[in-house]
Amino acid sequence: MGGSLSARTVRGLDVLLVVYVVVWTVLGALIGADIQRQADLSDQVTQIGRALTDIGAGLDVLGGLPLVGGEIDAAAGRVTEAGESVVQSGRESRAGLERMGALVGIAFAAVPLMLVLPVYVPLRRGWRREVRAVAAALAAGDPGLDLALARRALGTLPFSRLRELGFPSPGASEEDEVRGLADEAVRRLADEELRRLGLERPG
């Protein structure tokens, strides 16, 4: 399939792939950043926990008073413990949200690529190998290249373009058409195929 692509089509596919990658990468980055912004809520939880810890510390001071000190001291311990638990929970929540934001951002960028690249990369490589092979034969002056390119042009050029070039002859098969081509006609068809591949003759 790669050999039937034109240079213009491949360039168009390259641009589409770049746009596709950029769109999904930006989308992933925005969603990841939005999730990480939710970590600000965890900071508020952490602040509440610290406030409770401060209250517990204040109550602990009052625990040294005579008569009521024992009850206050017990309450201070519970408040302090609750505050420390809330602080720990807030920190863990923030870390979890930050990890989730990073993972979601990466997934949004990576998964679409994993769906497209296994198909596109072999197609692109096949086309590139074909172009390099033709370019090498062209540079080496392969005497059979024009005829091979002309055969391919008869099979790949749009019918309207073939008619503009005077092909096919009424009632002639593709093989008969190729055999009956004059050198000038072979070269015209070969040049059309070279243009399709994005190549030019040396000089």
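User: In what order do the elements of the protein run from the N terminus on?

Analyst: The model is a predicted one. From the N terminus on, its elements run α-α-α-α-α-α-α. The protein has seven helices and zero strands.

User: Why is Thr 53 called partly exposed?

Analyst: The relative accessibility of Thr 53 is 21%. Buried means under 20% and exposed means over 50%, with partly exposed in between; at 21%, Thr 53 therefore counts as partly exposed. Thr 53 has its place in helix H2, residues 39–62.

User: Which residues is Thr 53 in contact with, leaving aside its neighbours within four places in sequence?

Analyst: With those neighbours left aside, Thr 53 is in contact with Thr 80, Gly 83 and Glu 84. Contact here requires heavy atoms within 4.5 Å.

User: What makes Leu 123 count as buried or exposed?

Analyst: Leu 123 has 18% relative accessibility. The cut-off for buried is under 20%, so Leu 123 counts as buried. This residue is found in helix H3. Leu 123 and Val 10 are 113 residues apart in sequence, and their C-alpha atoms are 9.6 Å apart in space.

User: Why is Arg 132 called exposed?

Analyst: Arg 132 has a relative accessible area of 56%. Exposed means over 50%, and Arg 132 is therefore exposed. Arg 132 is also found in helix H3. Its C-alpha atom and that of Leu 197, 65 residues apart along the chain, are separated by 9.8 Å.

User: What makes Ala 33 partly exposed?

Analyst: The relative accessible area of Ala 33 is 30%. Ala 33 has its place in helix H1, and its C-alpha atom is separated by 6.3 Å from that of Gly 101, 68 residues apart along the chain.

User: Which residues have the most contacts inside the largest nonpolar core?

Analyst: The largest nonpolar core has 15 residues, and those with the most contacts inside it are Trp 127, Val 134, Leu 145, Leu 149, Leu 194, Leu 197 and Leu 199. At least two residues of this core come from each of H1, helix H3 (69–140), helix H4 (145–156) and H7. H3 gives the most, with six residues. A second, separate core of eight residues includes Ala 153, Leu 157, Leu 165 and Val 186.

User: What is Leu 145 in contact with, beyond its neighbours within four places in sequence?

Analyst: Beyond those neighbours, Leu 145 is in contact with Val 134, Ala 137 and Leu 138. For the protein, residues 24 or more positions apart account for 74% of the contacts with a separation of 6 or more.

User: Which residues line the largest pocket, and how are they classed?

Analyst: The largest pocket is lined by Ser 6, Ala 7, Arg 8, Thr 9, Arg 11, Arg 195 and Arg 196. Helix H1 (7–37) and helix H7 (183–196) are the elements that give two or more residues to this lining, and H1 gives the most, with four. The lining has one nonpolar, two polar and four charged residues. The volume of the largest pocket is about 160 Å³.

Technical notes: Residues numbered from 1 in each chain as written. Predicted model: local features only at pLDDT ≥ 70, side-chain atom pairs only at ≥ 80, totals over all residues. Heavy atoms only, no water. 1 Å grid on protein atoms, 1.4 Å probe; cavity = no way out; pocket = protein on both sides within 12 Å on 5 of 7 lines; lining within 4 Å. Points joined across faces, edges and corners; volume = space filled by probe spheres on them. Nonpolar A, V, L, I, M, F, W, Y, C, P; charged D, E, K, R; others polar. Core = buried A, V, L, I, M, F, W, Y, C linked by side-chain atoms within 4.5 Å. Buried < 20%, exposed > 50% of the residue type's maximum accessible area, 1.4 Å probe, protein only.
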